[in-house]
Amino acid sequence: MRTMRDHLNLLIFMFHYSTGCIVSDVGQTMVITGYTGGSVVLPCSCADPQTTVGNFTWGYHQGNKWIQVFQDEKYSGRRVLFDKLSPTNLSLLISDLRTNNQGYYRCMTEPKIFTDVILNVKGCDLVDNRRTVVVTGYSGASVVLPCSCTELLAKPEHIQWKYYKENKYKEIYPNEEIENYKNRVKLFDPNTPGNLSLQISALTTEDRGYYQCFVSSQQIVFVSLHVLHPEEKTTHQPSPQTQDSTTSQLKPIPIDHTPQFVFILLGVFISVLLLALLAFMCWRYRGSRNAKKVTTDGEELKREQDIQDDVMYSSVVHVKRASTPAHTHSEPAELTEYASISVKR
């Protein structure tokens, strides 16, 4: 029984080492995202940690062929195995990433036994690219000239701060071509790769003017710096403004400082005014209807009175003739009696 088990273990042992390293996720494609200036790990490892790794390669697909990463000069000093202490961990570490490192990679241990990795590299796109930011500072104090990438983890391959002097831009960071900027300029937040803002200390009125945050010919931010005296703080409130760099002159951008409660009061006043106008229109409409009804009723009453106003006259004439003897001649006496007149109104 033991003999058969020993033979079985020996068979498994021989098969194990004859097949070599079979990578995990064989035939699969993974997508990894990195940022310029940073590092990234392309994963690859043997499915069985007890196997012995023979030959393996990391290839980069360029054109119609695979180029070995460890033989390509553009990766010199920037590529290394992620974990040298683990023989079956074949992951590749690439540091100081560049946009041209983006593409397809393949980890292969045996013919037709491989895993693919798609590497996406995000670069630095400036927030206010091709625009002008207006900044105000005060003599003797410090000021920060804003400039940053949309991806704060992306560090640009190239960064320069320039100052416009003598009809051209001269570099003041990292190389200080102007003497009075030495030991006065530095990056505001060096721990955040995508924050390229420049801090200038010990400001003087001579520092006012135009600056450039230059990453590439397509990625530039312009800054206009105004420097005031400290006593002007009470009359001037500094506020960053952004303008289109295509304009030939910098025009101040008006900033609305109207308190919010003013708009609320204005809205309430307009609402009350509309309600009053609506109430007045209803009152006028009801008044005109009542006046029309009174006029109609008056005309009806007058018409009825005219029909009933009858004047009745009644006169009765009584003629009485007195009897006289025949021998006596006299004028007859006439008596008229009028009846009363009744008028109904």
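Predicted model: local features only at pLDDT ≥ 70, side-chain atom pairs only at ≥ 80, totals over all residues.
Cysteine 124 sits in the loop between strand 8 (113–122) and strand 9 (131–138), and cysteine 149 in the loop between strand 10 (143–145) and strand 11 (160–165), so the pair ties together parts that are 25 residues apart in sequence. How accessible are the two partners? Cysteine 124 has a relative accessible area of 10% and is buried, and cysteine 149 also counts as buried, at 2% relative accessibility.

A disulfide is a covalent bond between the sulfur atoms of two cysteines. The count for this structure comes to four disulfides. When the bonded cysteines are counted along the protein chain, the disulfides follow the pattern 1-3, 2-4, 5-7, 6-8.

Another of these links joins cysteine 21 to cysteine 46, with the sulfur atoms 1.8 Å apart. This pair links distant parts of the chain: cysteine 21 belongs to the loop between helix 1 (2–19) and strand 1 (29–35), while cysteine 46 belongs to the loop between strand 2 (40–42) and strand 3 (57–62), 25 residues apart. The torsion about the S-S bond of cysteine 21 and cysteine 46 is about -115 degrees, and therefore this disulfide is left-handed. Cysteine 21 is buried, its relative accessible area being 2%. Cysteine 46 is buried too, with a value of 7%.

A further disulfide is formed by cysteine 147 and cysteine 213, whose sulfur atoms are 2.1 Å apart. Here the partners come from distant parts of the chain, 66 residues apart: cysteine 147 is in the loop between strand 10 and strand 11, and cysteine 213 is in strand 15 (residues 209–216). The torsion about the S-S bond of cysteine 147 and cysteine 213 is about -70 degrees, so this disulfide is left-handed. Cysteine 147 has a relative accessible area of 4% and is buried; cysteine 213, at 0% relative accessibility, counts as buried as well. Cysteine 282, in turn, is partly exposed, with a relative accessible area of 41%.

Charged side chains come next. Side chains of opposite charge can pair when their charged atoms come close. How many salt bridges does a search of the whole structure find? The search finds six. One of them forms between arginine 106 and aspartate 116, the closest N and O atoms being 2.7 Å apart. Arginine 106 lies in strand 7 (residues 103–110) and aspartate 116 in strand 8, and the pair links distant parts of the chain, 10 residues apart.

Aspartate 207 is found in the loop between strand 14 (198–200) and strand 15, and arginine 184 in the loop between strand 12 and strand 13 (185–187); the pair links distant parts of the chain, 23 residues apart. Aspartate 207 and arginine 184 are buried.

The side chains of glutamate 166 and lysine 170 meet in a salt bridge at 3.0 Å, N to O.

The side chain of glutamate 171 does make a polar contact with the side chain of glutamine 160, at 2.7 Å. Beyond its neighbours within four places in sequence, glutamate 171 is in contact with Gln160, Trp161, Lys162, Glu176, Glu177 and Ile178.

Methods: Residues numbered from 1 in each chain as written. Heavy atoms only, no water. Disulfide = S-S within 2.5 Å. Helix = DSSP H or I, 4+ residues; strand = E, 2+ residues; numbered from the N terminus. Buried < 20%, exposed > 50% of the residue type's maximum accessible area, 1.4 Å probe, protein only. Polar contact = N/O pair within 3.5 Å; in protein donor to acceptor, adjacent residues only side chain to side chain. Contact = heavy atoms within 4.5 Å. Salt bridge = Lys/Arg side-chain N within 4 Å of Asp/Glu carboxyl O.
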